[in-house]
Amino acid sequence: MTEDVPVRIRPAIAALPPYKQGKQAEPGTFKLSSNENPYEPLPSVVESLRETVGVNRYPDASASRLRHRLAERFGVLPDEVHIGAGSVAILSQLMLAASGPGDEVVYAWRSFEAYPGLVLIAGATPVEVPLTPDARHDLDAMAAAVTERTRAIIVCSPNNPTGPIVTQAEFEAFLDKVPADLLVILDEAYAEFVTDPDAVDGLIKLGRADHPNVVVLRTFSKAFGLAGLRVGYAIGHRRILDAARSTAVPLSVTAQSEEAALASLDAEAELLARVHVIAERRDRLAAGLRAQGWRVPTAQGNFVWLATRDETMDAAARFEAGGCIVRPFAGDGIRVSVGEEESVEKILQIATSIVEALPEGHSGRALA
Ligand SMILES: Cc1ncc(COP(=O)(O)O)c(C=O)c1O
């Protein structure tokens with residue numbers, strides 16, 4: 001094949017780096033690069049997949065059983081629930097539905113690495129608002145970044161990859177500041193891991209009627225351990241979700257993912273007990289790192305953040321050499337997912353020599 005091809009690609013797309021996934025792990029290493037759930041699926045979930053073998057048929061396009069189940073669970077109407085092949089698919093649909101050339105989408109940075117690409121694919125312009133020094137959303141600055149061209153704002157709580165939450169009070173004050181006709185997406189992919197009682201909760205604490213411009217995104221990938229099946233959901237106003245349904249690739253949510261999500265809701269208590277173990281493990285990992293001298297931002301997801309800056313790629317290589325695949329963001333920091341129990345000790349063993357080698361005053365180190 002020749003190196004190039006004369007086919008014309010949209011310049012904005014040709015300029016995009018392809019989505020970079022967390023690195024895969026060799027056998028015998030810990031894969032701590034994609035915020036996955038380390039637990040094997042529950043037997044009841046595996047059984048639900050075995051029973052869904054009619055793969056010669058297309059799935060129910062709107063996953064209506066799951067939609068009804070979630071509607072009941074959260075006290076909304078079925079039309080106020082939308083299912084996607086992962087919550088990232090719904091994010092993409094919302095970007096396409098709300099924004100296009102000449103429009104802007106505001107989000108915090110650094111945040112979920114898929115945001116810039118999804119905005120650019122829609123043809124819109126990303127507006128990235130720096131996090132505060134303690135790696136939290138700067139909601140005042142985000143509200144101030146809204147112009148007449150802004151069509152959506154994404155708020156990620158807990159923030160991937162840094163970890164802190166947005167509080168309910170902060171989020172409500174923010175909603176009072178931004179125009180009521182602006183789409184606000186609250187990305188709560190890690191909501192189930194949150195233990196801070198002051199955290200925003202877009203489904204339980206937020207009055208839907210007062211804030212029809214807010215769409216909440218949740219996923220079965222993280223706490224419920226179904227990342228490989230691709231199933232997430234949005235809850236929001238029917239008109240906004242209809243627009244997302246209009247831009248969706250039809251039939252992309254499979255019958256298997258719908259069944260597994262339903263089986264997971266049947267086993268919610270059991271799954272949340274595992275989430276509790278992971279959250280406790282996270283707190284231990286963060287505390288161990290802080291005791292070594294790391295400055296770890298508040299960690300409320302299933303991951304912790306190390307601000308390794310210029311040392312990022314070297315530090316990631318050292319974790320890898322020690323059998324832990326982590327997620328480096330060159331020049332910025334390293335996200336370490338909370339995985340198997342044995343990985344905690346391993347990470348702590350490797351991390352101690354890395355922090356000791358960081359110069360005094362480095363942003364990854366706690367102030368002495
Ligand atoms: C903040 C955030 N939102 C959304 C997603 C997408 O998750 P999924 O598409 O698996 O539901 C992720 C995955 O890493 C994430 O970190």
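Start by selecting phenylalanine 329 and glycine 333: phenylalanine 329 stands opposite glycine 333, which belongs to strand S12. Helices (H or I, at least four residues) and strands (E, at least two) are DSSP runs, numbered from the N terminus. Before moving on, note that you are looking at a predicted model, where local features need pLDDT of at least 70, side-chain atom pairs count only at pLDDT 80 or more, and totals for chains, interfaces and linings use all residues. Residues are numbered from 1 along each chain as its sequence is written.

**Strand S12 and its partners**

Now select strand S11 (residues 327-329) together with S12; they pair in the antiparallel sense over three bridges. Two strands count as paired if DSSP finds at least two bridges between them. S11 and S12 form a hairpin with three residues between them, and in the turn glycine 331 has a positive phi of about 80 degrees.

Is S12 itself enclosed or open? Five of the five residues of S12 (residues 333-337) are buried, so the strand is largely enclosed by the rest of the structure. Here, buried means that 20 or more other C-beta atoms lie within 10 Å of a residue's own, exposed means 12 or fewer, and partly exposed is in between, with C-beta atoms placed from the backbone. In a regular strand the side chains alternate between the two faces of the sheet. On one side of S12 are Gly333, Arg335 and Ser337, and on the other Ile334 and Val336.

**Proline 328**

Go back to S11 and pick proline 328. Proline 328 counts as buried because it has 22 C-beta neighbours inside 10 Å. Leaving aside neighbours within four places in sequence, proline 328 is in contact (C-beta atoms, placed from the backbone, within 7 Å) with Thr312, Met313, Ala316 and Ile334.

**The ligand**

Finally, select the ligand, which 13 residues surround, the closest being Gly86, Val88, Thr219, Ser221 and Gly232.

Technical notes:
Near = placed C-beta within 6 Å. Contact = placed C-beta atoms within 7 Å.
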